[in-house]
Amino acid sequence: LFRKVLNVAAEANGLKWRLIPDKDFEAVVKSELGAKASRIKRQISELGRTVPAPWRADEKQAATAAWLMLHNR
């Protein structure tokens, strides 16, 4: 439900958004970022040292998705 709400809110406010199924996420990141994917994954993991908790897989995936969206602008 929360993803649907975010999609509707983004669309209503003219924000660029994209739905990437969890099962395809890693493949999409590797496909679109290529050789940069490993470096970006490492950098996002390192953010955990400076970002307050929680910094779990969900937060890392959200940060990676944001990076992907900025990369494709």
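Q: Why does glutamate 26 count as partly exposed?
A: Glutamate 26 is partly exposed because its relative accessible area is 41%. Buried means under 20% relative accessible area, exposed means over 50%, and partly exposed lies in between, with a 1.4 Å probe and protein chains only.

Q: What kind of model is this, and how are residues numbered?
A: This is a predicted model, in which local features need pLDDT of at least 70 and side-chain atom pairs count only at pLDDT 80 or more, whereas totals for chains, interfaces and linings use all residues. Residues are numbered from 1 along each chain as its sequence is written, and side-chain values use heavy atoms, with hydrogens and water left out.

Q: Where does glutamate 26 lie?
A: Glutamate 26 lies in helix α2. Helices (H or I, at least four residues) and strands (E, at least two) are DSSP runs numbered from the N terminus.

Q: How far is glutamate 26 from threonine 64?
A: Their C-alpha atoms are 9.8 Å apart in space, while the two residues are 38 apart in sequence.

Q: Stepping back, how many helices and strands does the protein have?
A: There are four helices and zero strands. The order from the N terminus is α-α-α-α. The C-alpha trace spans about 35 × 30 × 25 Å along its principal axes.

Q: What share of the protein is buried?
A: Buried residues account for 18% of the 73 residues.

Q: Which residues make up the largest nonpolar core?
A: That core has nine residues: Ile20, Phe25, Val28, Val29, Leu33, Ala37, Ile40, Ile44 and Leu68. A nonpolar core is a set of buried Ala, Val, Leu, Ile, Met, Phe, Trp, Tyr and Cys residues joined through side-chain atoms within 4.5 Å.

Q: Which helices supply at least two residues of this core?
A: Helices α2 (25–33) and α3 (36–46) each do. The largest share, four residues, comes from α2. In soluble globular proteins, nonpolar side chains tend to be buried together.

Q: What is valine 29 in contact with?
A: Valine 29 is in contact with Gly34, Ala37, Thr64 and Leu68, leaving aside its neighbours within four places in sequence. Contact means heavy atoms within 4.5 Å.

Q: On to packing: at what angle do α2 and α3 cross?
A: The axes of α2 and α3 cross at roughly 120° and come within 8 Å. Axes are lines fitted to C-alpha atoms, for helices over the stretch in contact, and angles run from 0 to 180 degrees between N-to-C directions.

Q: What sits in the loop between α3 and α4?
A: Proline 54 is one of the residues in that loop. The peptide bond from alanine 53 to proline 54 is cis, with omega near 5°.

Q: What does glutamine 61 touch?
A: Glutamine 61, which is in helix α4, touches Asp22 and Phe25, not counting residues up to four places away in sequence. The C-alpha atoms of glutamine 61 and phenylalanine 25 are separated by 8.4 Å, although the residues are 36 apart along the chain.

Q: Last one: is asparagine 7 buried or exposed?
A: Asparagine 7, in helix α1 (residues 2–12), counts as buried at 18% relative accessibility. Setting aside residues up to four places away in sequence, asparagine 7 touches Trp17 and Leu19.
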